[in-house]
Protein chains: 2
Amino acid sequence: MKKQVSASVINRLPRYFRYLGELMNSGVERISSKELSKKMGVTASQIRQDLNCFGGFGQQGYGYNVEYLYGEIATILGLNSRYKAILVGAGNMGQALAQNTTFEKRGFTLVGIFDTDPEKIGKEIKGIKISDAKDIKEFIDKETPTMAIISTPRTVVNQVVRELTDMGIKAFLNFSYAEISPDDDVVVENIHLSDSLMRLCYKISSKEDNSENTEE
Amino acid sequence: MKKQVSASVINRLPRYFRYLGELMNSGVERISSKELSKKMGVTASQIRQDLNCFGGFGQQGYGYNVEYLYGEIATILGLNSRYKAILVGAGNMGQALAQNTTFEKRGFTLVGIFDTDPEKIGKEIKGIKISDAKDIKEFIDKETPTMAIISTPRTVVNQVVRELTDMGIKAFLNFSYAEISPDDDVVVENIHLSDSLMRLCYKISSKEDNSENTEE
């Protein structure tokens, strides 16, 4: 069994993974926690503490072996898994997501796409046919996917999630504007474009206010 | 000048805004901090504290007027602004983003789309022609957009951001896999699909490990 690790450490792991990948691409073989800390804008002691949660990987006076650490983090995150995923809602965003190759590199295989729109049903995206949403139960019973990517209109999100949970889906990646209120044993990651825009809007407008004030 | 508000409060404001919008749509006119706290899964005292940063809005024994609070948060976030935005990188994701109507509702107006691919240049998305990226400086000088949405391949992201910063862009919404290292006076919001997938993958795999352990 994996050690329980705090949510904030888990939240930071993808960033470590991303930076290490960039270092590897630039041919860097090892890095000290100090150098890594400068690149990432977190303290070196934070980095050592975070990576110690998983047994450390650094050697005194040598630093971290970039490729080894990259591989270990991938294992910790479970990125070598091949969880089956379905996509529900094949509008513009859903179709762009289905085209995206990130899923394959991050532990998931897209196995089905569903929509209710007769004009979309039957079309193919990357070799996967868009199926009628009414056939979703049969598909799930047969293929037993673990995760569903939700990009439906927001008015139906919570109903869709309830139904999919009843059919055995245990994880959701939510792209819709609505907040999912999941059962306790269901995991959710939200990608809220709208929230990011609002934060950006706030930062811009408060910066403008501040600079106006400075000029007074 | 606006009061300085902590980043964590700002991070929560879009969620308040989202919940209040849903309440409004369901015809709810007022709500107590206690009820709102139950819906949102944060403590009532947290809610009162957060909203007090902006001068409160609640009345003892009455609760919050939903529509008024919704409007006030919109004003705080600056959602009534009309910041001009450009989109750089019109691949699948970029095109889906350009189709998205969320920008208009969240303080931004998309005024230009840019790409380097001759097959994309000249095509129209929602009435906006995809322009050649080499004409971007002229466009920025004329239209003075505030924000750029970045959905280019990750290898060119930091170069693109540096150039756009030099041309006067002050805010970025980053959809690419690369991390942007901005200047101090530039604001960035990252939407990292990859990071969300990794977190989801970790949560699924550690849940599986735990349940295996329980069954032992």
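1. Let me begin with strands E3 (residues 83-88) and E7 (residues 147-150) of chain A, which run parallel and are joined by four bridges. Within this pair, Val88(A) sits opposite Ile150(A) of E7(A). Please keep in mind that this is a predicted model.

2. Helix H8 of chain A, made of residues 157-166, lies across E3, E7 and strand E8 (171-174) of that chain. The direction of H8(A) is at about 170° to that of E7(A).

3. What is the order of the strands in the open sheet of chain A? Seven strands are arranged as E5-E6-E4-E3-E7-E8-E9, and the pairing is mixed. At the edges are E5(A) and strand E9 (187-190) of chain A, each of which pairs on one side only.

4. Strand E5 (residues 124-125) of chain A, by contrast, runs antiparallel to E6(A), with two bridges joining them. Glu124(A) has Lys129(A) as its bridge partner. The hairpin of E5(A) and E6(A) has two residues between the strands, and Lys126(A) takes a positive phi near 45° in it. As a reminder, strands of a sheet pair through backbone hydrogen bonds, either parallel or antiparallel.

5. Now for chain A as a whole. The secondary structure comes to nine helices and nine strands, and the C-alpha trace spans about 60 × 55 × 35 Å along its principal axes. Of the 216 residues in chain A, 49% are buried. Among contacts in chain A with a separation of 6 or more, 56% are between residues 24 or more positions apart.

6. Tyr19(A), in helix H1 of chain A, is worth a click. Is Tyr19(A) buried or exposed? Tyr19(A) is buried, with a relative accessible area of 6%. Leaving aside residues up to four places away in sequence, Tyr19(A) touches Lys39(A), Met40(A) and, from the other chain, Glu179(B). Tyr19(A) and Glu67(A) are 48 residues apart in sequence, with their C-alpha atoms 11 Å apart in space.

7. That brings us to the interface. Here 67 residues of chain A are in contact with 67 residues of chain B. About 6,300 Å² is buried between chain A and chain B, and carbon and sulfur atoms give 62% of this area. Arg18(A), Met198(A) and Tyr202(A) supply 12% of the area that chain A buries against chain B, more than any other three residues.

8. In chain B, helix H1 (residues 7-25) has 19 residues and reaches 28 Å from its first C-alpha to its last, close to the 27 Å expected. The buried residues of H1(B) include Val9(B), Leu13(B), Tyr16(B), Phe17(B) and Leu20(B). Gly27(B), which follows H1(B), has a positive phi near 85°.

9. Finally, the sheet of chain B. Seven strands form an open sheet in the order E5-E6-E4-E3-E7-E8-E9, with mixed pairing. Strands E5 (124-125) and E9 (187-190) of chain B stand at the edges with a single partner strand each, so one side of each is left without a neighbour in the sheet. Helix H7 (residues 136-143) of chain B packs on this sheet, touching E3(B), E4(B) and E6(B), and its direction makes about 175° with that of E3(B).

Key: Residues are numbered from 1 along each chain as its sequence is written. Chains are lettered from A and ligands numbered from 1 in the order in which they are written. This is a predicted model: local features need pLDDT of at least 70, side-chain atom pairs count only at pLDDT 80 or more; totals for chains, interfaces and linings use all residues. Side-chain values use heavy atoms; hydrogens and water are left out. The expected span of a helix is 1.5 Å times one less than its number of residues. Buried means under 20% relative accessible area, exposed over 50%, partly exposed in between (1.4 Å probe, protein chains only). Two strands pair if DSSP finds at least two bridges between them. Contact means heavy atoms within 4.5 Å. Axes are lines fitted to C-alpha atoms, for helices over the stretch in contact, and angles run from 0 to 180 degrees between N-to-C directions. Buried area is the accessible area (1.4 Å probe) that two parts lose on being put together, summed over both.
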